[in-house]
Amino acid sequence: MKAKERKRAHITINAEECKGCCACVEFCPEKQIGVSKKLNTRGYFPAAVNGVRQRCTGCAVCQVVCPEMAIVVVRDG
């Protein structure tokens, strides 16, 4: 399947559950996840989706590698 034919997806990150391990940042093939500049209530800099427009392909690698299960990937359509 070509990249243009892939269905897109949306990443949702629960910032309060994230401990800022950055596994999702390292493994995202599209580099759609970065680190927030704001601390969460636990004192961690959580993961955050980069930019307004997501280019997520829905591979869900970030969801799989998250030890806190703080990430959910929902495929569109």
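Begin with the cavity lining, coloured by residue class: the lining of the largest cavity has 8 nonpolar, 3 polar and 1 charged residues. Here Ala, Val, Leu, Ile, Met, Phe, Trp, Tyr, Cys and Pro count as nonpolar, Asp, Glu, Lys and Arg as charged, and the others, Gly among them, as polar. To display this lining, select Ile-11, Cys-28, Pro-29, Glu-30, Gln-32, Cys-56, Thr-57, Gly-58, Cys-59, Ala-60, Val-61 and Cys-62. A cavity is a set of points, on a 1 Å grid over the protein atoms alone, where a 1.4 Å probe fits but cannot get out; lining residues have an atom within 4 Å of a point. The search of the whole structure finds 1 cavity of 30 Å³ or more, and the largest cavity holds about 70 Å³ of space. Grid points are joined across faces, edges and corners, and the volume is the space filled by probe spheres set on the points.

Before going further, note how the model is to be read. It is a predicted model, in which local features need pLDDT of at least 70 and side-chain atom pairs count only at pLDDT 80 or more, whereas totals for chains, interfaces and linings use all residues. Residues are numbered from 1 along each chain as its sequence is written, and side-chain values use heavy atoms, with hydrogens and water left out.

Next, colour the chain by pLDDT, the predictor's confidence in each residue, from 0 to 100. The protein chain averages 90, and 88% of the residues score at least 70. Confidence is lowest in strand β1 (residues 9-13), at a mean of 93, and highest in helix α2 (residues 61-65), at 98.

Switch to a cartoon view. The protein chain has 2 helices and 4 strands, in the sequence pattern β-α-β-β-α-β. Helices (H or I, at least four residues) and strands (E, at least two) are DSSP runs, numbered from the N terminus.

Which residues have the most contacts inside the largest nonpolar core? Select Cys-24, Ile-33, Ile-71 and Val-73, within a core of 15 residues. The elements that give two or more residues to this core are β1, α1 (23-27) and β4 (71-75); β1 gives the most, with 3 residues. A nonpolar core is a set of buried Ala, Val, Leu, Ile, Met, Phe, Trp, Tyr and Cys residues joined through side-chain atoms within 4.5 Å. Buried means under 20% relative accessible area, exposed over 50%, and partly exposed in between (1.4 Å probe, protein chains only).

Centre on Ile-71. Leaving aside neighbours within four places in sequence, Ile-71 is in contact (heavy atoms within 4.5 Å) with Ile-11, Thr-12, Ile-13, Cys-24, Cys-62, Gln-63 and Cys-66.

Move to Val-72, in strand β4. Val-72 counts as partly exposed because its relative accessibility is 42%. With neighbours within four places again set aside, the contacts of Val-72 are His-10, Ile-11, Thr-12 and Gln-63. A C-alpha to C-alpha distance of 7.9 Å separates Val-72 from Ala-60, 12 residues away in sequence.

Finish with two backbone features. Most residues other than glycine have a negative phi. Select Lys-31, in the loop between α1 and β2 (33-35), where phi is near 55 degrees, a positive value. Then select Met-69, in the loop between α2 and β4, which has a positive phi of about 55 degrees. Lys-31 is exposed, with a relative accessible area of 51%, and Met-69 is exposed at 71% relative accessibility.

Terms used
1 Å grid on protein atoms, 1.4 Å probe; cavity = no way out; pocket = protein on both sides within 12 Å on 5 of 7 lines; lining within 4 Å.
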